[in-house]
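Subject: Structure for you to look at

Hello,

I am passing on the structure we talked about, followed by notes on how its parts meet. Please have it open while you read.

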Amino acid sequence: MNSQTFAPAPAVTAAATEAHYDAYVMKNYARAAVTLVRGEGCRVWDDRGTEYLDFTSGIAVTALGHSHPAWVKAVQTQAAQLVHVSNLFRNPLQGELARKLVQQAGPGRAFFCNSGAEANEALIKLSRLHGYNTTHEEGKRIKVLVAKNAFHGRTFGSMSATVQEKIQKGFRPMVETFAAGEFNNLQSFVDLVDDSTAAILVEPIQGESGVTAATPEFLVGLRKLCDERGLLLLLDEVQCGLGRTGKFFGFQHYGIVPDALSMAKGLGGGMPIGAIWVREPFAEYFQPGSHGTTFGGTPLACSAALAVVDTIEKEDLMGNVRRNAPAWRNALQQLVADFPKVLKEVRGLGYMVGLGFHADPAPFNAKLREAGMLCPLAGNNTIRLLPPLTATPADLAQSVAIVRGVLAAA
Ligand SMILES: *Cc1c(COP(=O)(O)O)cnc(C)c1O
C-alpha cells in the first residue's frame, strides 16, 4: 500500500506539504512557497496562521470572495441532494443557469463545460460549424483570426489560438488554422480576412498578457468587419466576464453584441464550471452528437454558479465595483506618480487591474507576499490586482497601503 494513501489532509504539517509537492506533484507551475488552508472574504490564511489580503482570488475565480455564506449554503445543500446526473437527463439548475446567462448576454443559448480552455474549444468548434454550414464543405472556411499576446488556454485548440512562444514551445505543430493580428489594430485584422476566414476570437480585456482593454474603435470595428464578411465574432470573457469590470460581461462596455462568448473563471465562484453563450441562429449549429462533455452543467456546479449570479444581483456587486473602482484607481495612479522609476502605469477596468512596472515585477511580487498580499503576475511586466467583487473601499485601500509600503521600503 502506498504510504500516501491514508495521510489525513488536515494533519499534514507544513514541512510535509513541501516535501509532498517536491516529491509527487508535477513541476508545471512556478508556485510560491505558501500553503493556504482557509479563506474568508478577501482574506486567506496559510498553514502557519499568517493572514494575507488575497487579490489573486484564485486568478479571478472566487468572485464572491472565499466562503461566501450564500455560496456555501447553496453548495452544501445541493451536495446533499443531487451532485451529478450526466447530460442524458435534465436537471433544474442547468436550465435555470442557462436562463440567467441568456438574460445577461441576450437571446441565445448556453452550453456548459468545465474550464475556460474547454469553453474556447467549443467556440472554435462553433467556428468550424459556421464554415461548414455556409460552404457545405469541410476544410474550406476554417481560419480564425486571433490577437497576438492573447491567452485562450492550454488545450490544443486554445493553445493554438494563443500565439505566444512561451505557451507553444515544445508542443508544435499547432492547429494551423489561426492567424494573429495586432490587438487594438483593426487594420491588421482587416488585412487577414479572406474567403477561408470563419471567425474572429479576442478577449475584450486581455488578461494574462498584462490587462489591456480593447479600444472601442477596435472592438466596434471587429463587429462591423464580422458583419460585412459574414464572420462570427467570438469573445473570450473567461477572465473579464461575470461582473469583474463592473458590467456582467466585458463586451457591455462597448455597445456591441458578439455572436458567441466563453466564460469560466468567475462563473462558479471556485467550483470548476465553464460555459459558452451563442446567439441565434448560430446556437442551432450544435445538434445532438456534435459536442458534449460528461461533467458539463452538473447540479452541483450549477448550484455554485447560480449562487454567484444571484449574489451579484442581490448584493449589487457590479454596483460595488463601479462605485469603488474609480477611487482605488486614483490611489493607484498616485502610486505611479509617486514612484515613477518603478511603476509605469495602471491598466484595466473595474476590479480587473494591471499595475505596469518598468522591469520584471516578480521580485516585487515576492515582497508583496512577505508584506501580506497575494497577487498574480501577468505578461508585459504586470502585477494583476483581482479582488473579489465583494471587496470594500477599506479592502482596496489596504491593497494600496501594502503596495506603497513595499515601494517606500525599496
Ligand atoms: C484563464 C483563461 C483561459 C483558460 O481558462 P482555464 O480554465 O485555465 O482553461 C482562457 N481565456 C482567458 C481570457 C483566461 O483568462
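The C-alpha centres of domain 1 and domain 2 are 26 Å apart in this predicted model. Domain 1 is made of two segments, 14-61 and 319-409, while domain 2 covers 72-314.

Contact between the two involves 23 residues of domain 1 and 21 residues of domain 2. Together, domain 1 and domain 2 bury about 1,700 Å², with 62% of that area on carbon and sulfur atoms. On the domain 1 side, Val61, Leu349 and Met352 account for 37% of the area buried against domain 2, more than any other three residues.

As for polar links, nine residue pairs are in polar contact across the interface of domain 1 and domain 2, both residues of each pair being at pLDDT 80 or more. Several elements each give at least two residues to the side of domain 1 that touches domain 2: helix H2 (57-60), helix H11 (317-338), and strands E13 (343-349), E14 (352-357) and E17 (382-385). By residue class, that side of domain 1 consists of 13 nonpolar, seven polar and three charged residues.

The count of salt bridges between domain 1 and domain 2 is one. Which side chains meet in a salt bridge at 3.3 Å, N to O? They are those of Glu208 and Arg384.

Regards

Notes: Residues numbered from 1 in each chain as written. Predicted model: local features only at pLDDT ≥ 70, side-chain atom pairs only at ≥ 80, totals over all residues. Heavy atoms only, no water. Domains from an automatic or database assignment. Contact = heavy atoms within 4.5 Å. Buried area = accessible area lost by both parts, 1.4 Å probe. Salt bridge = Lys/Arg side-chain N within 4 Å of Asp/Glu carboxyl O. Polar contact = N/O pair within 3.5 Å; in protein donor to acceptor, adjacent residues only side chain to side chain. Helix = DSSP H or I, 4+ residues; strand = E, 2+ residues; numbered from the N terminus. Nonpolar A, V, L, I, M, F, W, Y, C, P; charged D, E, K, R; others polar.
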